[in-house]
Amino acid sequence: MLYIRNLDYLPDGRSVVDTIGLKRFRVIRRGMKDGYCTADIEDLEDIKVKDEGEMRKLQELHNIVYNQACGWFQSLRNKFHSQILQYFGPMPEKEENLQETAEGPAWCWWLLAVLPVDPKYQLSVLSMRSLRERLIKIQAILTYFSRDQRPNN
């Protein structure tokens, strides 16, 4: 589900639509109606962690990966850093309640949008319903990019 931020109509009838994703879903069935693509969907929501010990571990992992993400973003060259800020805005703040929304922390989605990863890999992370698994994947991506930026000895 998308929020339309801006819509520009071009003279040839096409349009440029600037959107932000609001909600995840999975397509169950595709179809056509009046020449338009249609789909039956099912909302995707994160599976909530109920165990207090598991929640503490999840919070720790969340804090570590958030700090790693902030470090990666700050280490970008000024040109890339500025372009990301201009188009996507600043990285969202860390939420205190990880399970407040069905989508999980907003910064994860922002980061997945700006990380230079293959769209298929990005989709696999977007479709995860476990925040823990998603954080582990994001951590692996950030670790890879951090290694890539280190000077050769």
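## Basis of the model

The model is predicted: local features need pLDDT of at least 70, side-chain atom pairs count only at pLDDT 80 or more, and totals for chains, interfaces and linings use all residues. Residues are numbered from 1 along each chain as its sequence is written, and side-chain values use heavy atoms, with hydrogens and water left out.

## Overall architecture

The secondary structure of the protein chain consists of 5 helices and 4 strands. Helices (H or I, at least four residues) and strands (E, at least two) are DSSP runs, numbered from the N terminus. Read from the N terminus on, the elements follow the order β-β-β-β-α-α-α-α-α. The C-alpha trace spans about 55 × 40 × 25 Å along its principal axes.

Of the 153 residues of the protein chain, 28% count as buried; buried means under 20% relative accessible area, exposed over 50%, and partly exposed in between, with a 1.4 Å probe and protein chains only. Among contacts (heavy atoms within 4.5 Å) between residues at least 6 apart in sequence, 51% join residues at least 24 apart.

## The annotated region

An unreviewed UniProt entry lists residues 1-146 as "domain: Lon N-terminal". UniProt positions are given in the numbering used here, feature names are shortened, and annotations may be inferred rather than shown by experiment. Over residues 1-146 the chain is 47% helix and 22% strand, and the C-alpha atoms at the ends are 32 Å apart.

The protein chain is divided into domain 1 (2-43) and domain 2 (52-149), with bounds that come from an automatic or database domain assignment. The centres of the two domains, taken over C-alpha atoms, are separated by 25 Å. Domain 1 contributes 5 residues to the contact and domain 2 contributes 8 residues.

Between them, domain 1 and domain 2 bury about 440 Å², 27% of it on carbon and sulfur atoms. Buried area is the accessible area (1.4 Å probe) that two parts lose on being put together, summed over both. On the side of domain 1, Arg5, Asp18 and Arg24 lose the most area to domain 2, together 87% of what that side buries.

The rule finds 1 salt bridge across this interface, a salt bridge being a side-chain nitrogen of Lys or Arg within 4 Å of a carboxyl oxygen of Asp or Glu. The side chains of Arg24 and Glu103 meet in a salt bridge at 3.0 Å, N to O.

## Selected residues

Apart from its neighbours within four places in sequence, Gln99 is in contact with Ile47, Lys48, Val49 and Met55. A polar atom of the Gln99 side chain lies 2.4 Å from the backbone nitrogen of Val49.

Phe80 belongs to helix H2 (residues 78-88) and is partly exposed, with a relative accessible area of 34%. Phe80 and Thr143 are 63 residues apart in sequence and 19 Å apart in space, C-alpha to C-alpha. Asp34 is found in the loop between strand E3 (25-33) and strand E4 (36-43). Asp34 is exposed, with a relative accessible area of 69%, and its phi is near 55 degrees, a positive value in a residue other than glycine.

Definitions and conventions. A polar contact is a pair of N or O atoms within 3.5 Å; within protein, one must be able to donate a hydrogen and the other to accept it, and residues adjacent in sequence count only if both atoms are side-chain atoms.
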